[in-house]
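Hi everyone, thanks for coming.

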Amino acid sequence: MQLYKNQPLKIYNSLSSKKDTFKPIDEGYVGMYVCGPTVYSNVHLGNVRTFMSFDMIFRYFKHLGFKVRYVRNITDAGHLENDADEGEDRIAKKARLEKIEPMEVVQMYTVDFHNTLNKFNFLPPSIEPTATGHIIEQIEIIKTILDKGLAYEINGSVYFDVLKFNETKKYGILSGRNVEDLIHNTRALDGQSDKKNPQDFALWKKAEPQHIMRWPSPWSDGFPGWHLECTAMSTKYLGEQFDIHGGGMDLKFPHHECEIAQAEACNGHSPVNTWMHANMLTLNGQKMAKSTGNNILPHEIFTGENDNLSKAFSPSVARFFMMQAHYRSILDFSNDALEASEKGFNKLIDAINTLGKLTVNDTSSFNIEAWKADCYKAMNDDFNTPILIAELFSAVKFINQVKDGKATISKEDLELLTQTLHAFVFDILGLLNDTNGDDGSEKLSDTVEVLIKMRAEARANKDFALSDKIRDELLAVGIQLKDGKDGTSFSTN
Ligand code: AMP
Ligand code: ZN
């Protein structure tokens with residue numbers, strides 16, 4: 001029997017603002033769409049966090065036995081510099097500045113995106129469609145919305161008529177905004193725009209002569225509006241109504257709000273049952289962002305080359321750090337937090353590596369079945385990975401007690417514990433056993449022993465300057481030597 005039949009999963013739905021019991025449209029199948037990156041620069045660690053949250057969610061669905069179609073797109077056209085349909089296309093701008101083809105920009109950063117996600121041990125999505133590969137589908141949607149009278153054409157561009165839509169439907173249901181407030185709060189049009197109202201958004205934009213990314217359409221040579229691509233690709237691969245749509249919190253408005261309006265205008269009903277939004281990774285209390293430069297790039301984590309870092313960290317440590325926070329909570333990045341995660345991660349992996357060396361007994365002094373149920377309970381409560389990790393550490397504590405002869409485990413329970421830990425740590429959290437069971441402490445201890453020996457030799461030669469230097473320099477890096485009657489030992493602080 002599939003696991004999902006016994007594991008009632010609750011997911012926080014941004015649309016209802018509460019946790020709802022997840023019930024897929026087709027039993028046993030999950031359709032999930034997640035907005036992908038705009039490939040005009042390297043992804044930063046904040047982007048990685050959002051995609052990692054959905055990678056963990058994808059992994060858990062698969063673990064539960066669902067057949068998942070996970071669609072994550074690549075935005076390679078149409079995303080303008082600001083959300084009010086103004087400014088240059090981000091990719092075209094980069095191409096202009098670098099004097100290369102837009103598709104070279106797209107290729108370069110798509111490759112970087114994939115390489116980065118591979119380092120963090122992401123599973124590939126089922127389909128990874130591109131906006132430029134779906135221009136025809138986008139044009140078809142625009143035609144339908146125009147036919148329904150919910151969009152208008154001006155000077156070769158087509159805009160969605162938010163006020164008209166709002167006469168019969170509700171614009172703003174996801175972000176909790178109402179059109180009256182929007183009218184009040186949106187700045188007036190500056191005369192440059194063709195829009196009737198500032199709340200309207202572009203479905204199609206006529207390309208200026210210098211705009212290189214352009215396609216023919218019934219209205220002009222131009223390009224689609226950014227929100228439209230996600231409607232076109234999600235509908236094409238998941239249907240007019242599908243289970244889950246995700247993205248970062250900052251996409252709720254206007255991007256996802258516009259997606260809902262477009263799909264409702266086109267198909268007459270809401271496109272998505274569960275809207276999921278992952279929260280932001282911050283640095284020094286501010287959102288990590290490409291535009292402000294307040295960000296850390298993944299490769300800087302692996303090399304330690306960033307002023308915010310004192311050393312390099314492995315991808316799994318960074319992944320563990322992210323998984324220690326719930327996906328809907330803001331997470332602040334810091335070197336100290338990463339160091340703490342490294343310690344925790346090493347402790348977890350050490351315990352897993354100890355499993356094969358444990359001696360079994362007739363009985364167990366820990367209820368593995370109950371513990372396993374608690375692990376599922378954590379994940380079934382809106383993918384609560386921090387609670388899951390707390391549960392994993394109960395198991396770590398128990399394993400260490402068994403190792404020290406202070407607790408017992410039966411053969412069957414050891415198998416169950418091993419299997420369950422592997423499932424949660426590697427399959428679901430997506431961590432890798434890449435510490436090689438060694439957090440560096442063994443190497444450190446061997447190195448200090450060499451220095452202790454050199455110091456003893458220096459003392460025997462009455463070279464006290466050298467012996468004191470060895471002692472003082474070790475102390476300066478936090479290693480204290482203690483001379484006793486059995487020789488010299490050391491401690492770290
Ligand atoms: P973009 O390429 O800018 O469209 O962003 C790709 C994804 O990263 C979107 O889902 C954003 O919501 C998300 N994102 C952007 N900045 C952050 C951040 N600081 N923390 C978490 N997710 C972010
Ligand atoms: Zn999108």
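**A sheet, a helix and a ligand**

Let's begin with an open sheet of four strands, in the order β7-β8-β9-β10 and with antiparallel pairing. Pairing here takes at least two DSSP bridges between two strands, and strands (E, at least two residues) and helices (H or I, at least four) are DSSP runs numbered from the N terminus. The edges are β7 (151-154) and β10 (222-224), each pairing on one side only. On average, neighbouring strands of this sheet are turned by 20° against each other, direction ignored.

Quick word on the source: this is a predicted model, where local features need pLDDT of at least 70 and side-chain atom pairs count only at pLDDT 80 or more, while totals for chains, interfaces and linings use all residues. Residues are numbered from 1 along each chain as its sequence is written, and chains are lettered from A and ligands numbered from 1 in the order in which they are written.

Back to the strands: β9 (residues 201-206) pairs with β10 in the antiparallel sense over three bridges. W204 has P224 in β10 as its bridge partner. Packed on the sheet is helix α4 (residues 135-147), touching β7, β8 (157-160), β9 and β10; contact means C-beta atoms, placed from the backbone, within 7 Å. The direction of α4 makes about 105° with that of β7, using lines fitted to C-alpha atoms, for helices over the stretch in contact, and N-to-C angles from 0 to 180 degrees.

Now, which element gives the most to the shell around ligand 1? That's α1, with four residues.

Note on methods:
Contact = placed C-beta atoms within 7 Å.
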